[in-house]
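Keep the sequence at hand.

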Amino acid sequence: MKNSIAAAVVAASLGFATAAQAEITVGFITSQSGPGSSIGVLYDRGMKAAVEYASSVGAEKVKLIQLDDGSDPSSATRNARKLVEENKVDLLIGTSTAASTSAMVPIANELKVPMIAISPISVAANDAGDRWAIVMPQPPTLMVKVVVDRMKRDGVKQFAYIGFSDAWGDLVYNGAQKPAEADGLKILTNERYVRTDTSVTGQVLKMMATKPDAVLLGGAATQGALPPLALAERGYKGPLYGTPALLNTDFIRVGGKAVEGVQVSAGPVVVAEQLPDTHFSKKISMDFRAAYQKANGSPTSDAFSAYSFDAWLVFLDAAKRAMATGAKPGTPEFRVALRNAIFNTNDLVGTHAIYNYKPSDSYGVDERALVMVRLVNGQWKYEP
Amino acid sequence: MNGEIAAILAMDGIASGAIYVLIGLGLVLIFAVTRVIFVPFGDIAAFTALSLASLETGGRPGTVGLVAVLAVLATAVEAVALVRNRAFHRLPRALLFYLVLPLIPAAAVWFAAGTTFSMPVRIVLSLALVLPIAPLLDRIVFRPIADASVLLLLTVAVALHFALSGLGLMFFGPEGVRTKPLTDAVFDVAGLIVNGQMLLILAASIVFCGLLFLYFEFTIQGKALRATAVNRVGARLVGIRPTSTGTIAYLLASLLAGISGVLIAPVTTIFYDSGFLLGLKAFVGAIIGAMVSYPVTALGAVMVGLLESFTSFWLSAYKEVLVFSLLIPVLLWRSLAFAGTEEEEAEE
């Protein structure tokens, strides 16, 4: 008991100390354990690269406090509250699973702290009509739209769909419907499978019977490879299309020859070194790669770590403008100023996208945020 | 749908049904002998697949750690029980069975890490690795509550499943694996492509059903198992130890789980938590067999496989719903047709 009081006193005095220096404090939550950790660790490394890249706003140092949520939404909520109430952070960034990220948004709304979500979630305004959270990743509908547009360009007239029978499968299917209609493409099937399924022969036979020009894959990661394997087994030779959920080494490892040639939409950072020099993402992505290598001692080509890097860029840009209002970090006024600045981000160049946030929308990217890549010999190749 | 598609679907259904048969038989076996609905059964199958994959890449399978922890725990539990009963002379035997034997394959795999074995050796090793898991779990968890009600045993089994899949995540990580196919052979039967893997699954299933039948009909041990299943008290009266029959049942079931794991590993991607659904579908088959009849369980399991395969063609989004809804008419029919015949509990 005595110890904990002593600890509280120390913590409090530290808190005062930081407040006196008017340091900007950022709370970062990611999953470093549990099932979400395969992505959470990447977010962590991306953030390390971000801090390596730039760690001050003007003359002010930025302090980063990082917590693990163990892939558990209730733990993410608790940590978010703790960061705001005890550490007085000016901004929340998090986290690696959609469920946990969604769970953090109400805390941001309630405690009036701006938040940057690094998982693709949909954010509604709070009861007062305000928004406190923005979302970095491309919205799923956009990910699919770019793919459908590419199918049209490739001369596909009708395609078959197979995806997970979960929220992700729905997102991809629903996302494909509107652009398909606009482009005059016909969706032949809406087949579903479960991640634990041992066979998709039935679904594949049905798809083959409709004679599709192409197949759209609404799976993710390792089990995203199950339909291509079954299709190959049944002699399907047509093109395959997918979403960034397939940008995964396990998908390539398990899929082998069957997934060769699959085309997916991806954030440009994934193929940074192949981009033409005129592409907006080229320079910043190469800077990011360099910072990542320096901070983590290993190279990267994943998409996830770049989201935390971009979140950091958006924050730095907004913090500069928020500081200009004269509000002191650590105060409610500063949080409001930071929120307003974030929601007025204008043409900020990041590794994934050119970000434009408006107070009316939590998503801030457009079609420039996605390029098409093709799997050639186990490597993703940029397909302009 | 034409004849060819129907034939392909039927084949696919029978192949996945054959896997459910193996698991379903194991479930019935354990339930008949120990009255435990062994929910973690599928997990053991998944662990075999994961161990096999990890041996394939020359790694150290997480099962080694799992078995070691379980062996130490079981030995401790057994030793405490023996010391309490002052049966010191049985300590060496307990040490041999609960500590040394389970750890032999684990140690072999541990020290051989990095070497790549040939396919048959890998299969035997991963089977030997998972074989002790169910008997050890039995010793740690179920034997102390062997006389509890079926409901309590079921609850404990469910809890055990969650514990095991949590451990699976810890030992194997969140990524799925798929092993190399056991055979690349492809046959052309009357215009239909039949792959060797499918035939292998079928053959293994039939062979093990046959072996089980021979075992129950013609060996003393098998008869002892059947006797325990029919009436525990009666079996004890004629000198059959329920604890040892229980261990044998768990060993046999472990083997069945292991084999289904080996067979399924090349067919699909297996995750640390894939086992549960496998077990659940086999459980539907076992329910059709009323948890007592082996042949009806086998038929039921094949039926589940076929139903799954055909619904995946017609209505893939509702496949799981349809497979599990099969339970409702089956249970209705069971309770109406066999009302009053399932009072064995009361006899004891």
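Over all chains, this predicted model holds 23 salt bridges. A salt bridge is a side-chain nitrogen of Lys or Arg within 4 Å of a carboxyl oxygen of Asp or Glu. The model is predicted, so local features need pLDDT of at least 70, side-chain atom pairs count only at pLDDT 80 or more, and totals for chains, interfaces and linings use all residues. Residues are numbered from 1 along each chain as its sequence is written, chains are lettered from A and ligands numbered from 1 in the order in which they are written, and side-chain values use heavy atoms, with hydrogens and water left out.

Start in chain A. The side chains of Asp170(A) and Arg192(A) form a salt bridge, 2.8 Å from N to O. Asp170(A) sits in helix H6 (residues 167–183) of chain A and Arg192(A) in strand E8 (residues 186–193) of chain A, so the pair ties together parts 22 residues apart in sequence. Helices (H or I, at least four residues) and strands (E, at least two) are DSSP runs, numbered from the N terminus. Are the two partners buried or exposed? Asp170(A) is partly exposed, at 36% relative accessible area. Arg192(A) is buried, at 6%. Here buried means under 20% relative accessible area, exposed over 50%, and partly exposed in between (1.4 Å probe, protein chains only).

Glu383(A) pairs with Arg374(A) in another salt bridge, with the closest N and O atoms 3.3 Å apart. Glu383(A) is partly exposed, with a relative accessible area of 24%. Arg374(A) is partly exposed too, at 27%.

Now chain B. Arg143(B) and Asp138(B) form a salt bridge, their closest N and O atoms 3.7 Å apart. Asp138(B) is buried, at 5% relative accessibility. Salt bridges that share partners also join Asp197(A), Lys281(B), Glu308(B), Lys319(B) and Glu320(B) into one network.

Some of these names return in the cavities. The structure holds 2 cavities of 30 Å³ or more. On a 1 Å grid over the protein atoms alone, a cavity is a set of points where a 1.4 Å probe fits but cannot get out; lining residues have an atom within 4 Å of a point. Points are joined across faces, edges and corners, and a volume is the space filled by probe spheres set on them.

The largest cavity has about 80 Å³ of space. Its lining includes Asp197(A), Glu308(B) and Lys319(B). Helix H1 (3–34) and helix H13 (294–314) of chain B each supply at least two lining residues. H13(B) gives the largest share, 4 residues. The lining has no nonpolar, 6 polar and 4 charged residues. In this count, Ala, Val, Leu, Ile, Met, Phe, Trp, Tyr, Cys and Pro are nonpolar, Asp, Glu, Lys and Arg charged, and the others, Gly among them, polar.

The second largest cavity has about 30 Å³ of space. Asp197(A) and Lys281(B) are among its lining residues. Helix H12 (residues 275–288) of chain B gives the largest share, 3 residues. This lining divides into 3 nonpolar, 2 polar and 2 charged.

Finish with the largest nonpolar core. Such a core is a set of buried Ala, Val, Leu, Ile, Met, Phe, Trp, Tyr and Cys residues joined through side-chain atoms within 4.5 Å. Of its 102 residues, Ile93(A), Met136(A), Leu216(A), Phe315(A) and Trp380(A) touch the most other members. Helix H11 (residues 304–324) of chain A gives the most, with 12 residues. Domain 1 (2–138 + 287–368) and domain 2 (140–266) of chain A both contribute, so the core lies between them. Domain bounds come from an automatic or database domain assignment.

Notes:
On a 1 Å grid over the protein atoms alone, a cavity is a set of points where a 1.4 Å probe fits but cannot get out, and a pocket is an open set with protein on both sides within 12 Å along at least five of seven lines; lining residues have an atom within 4 Å of a point.
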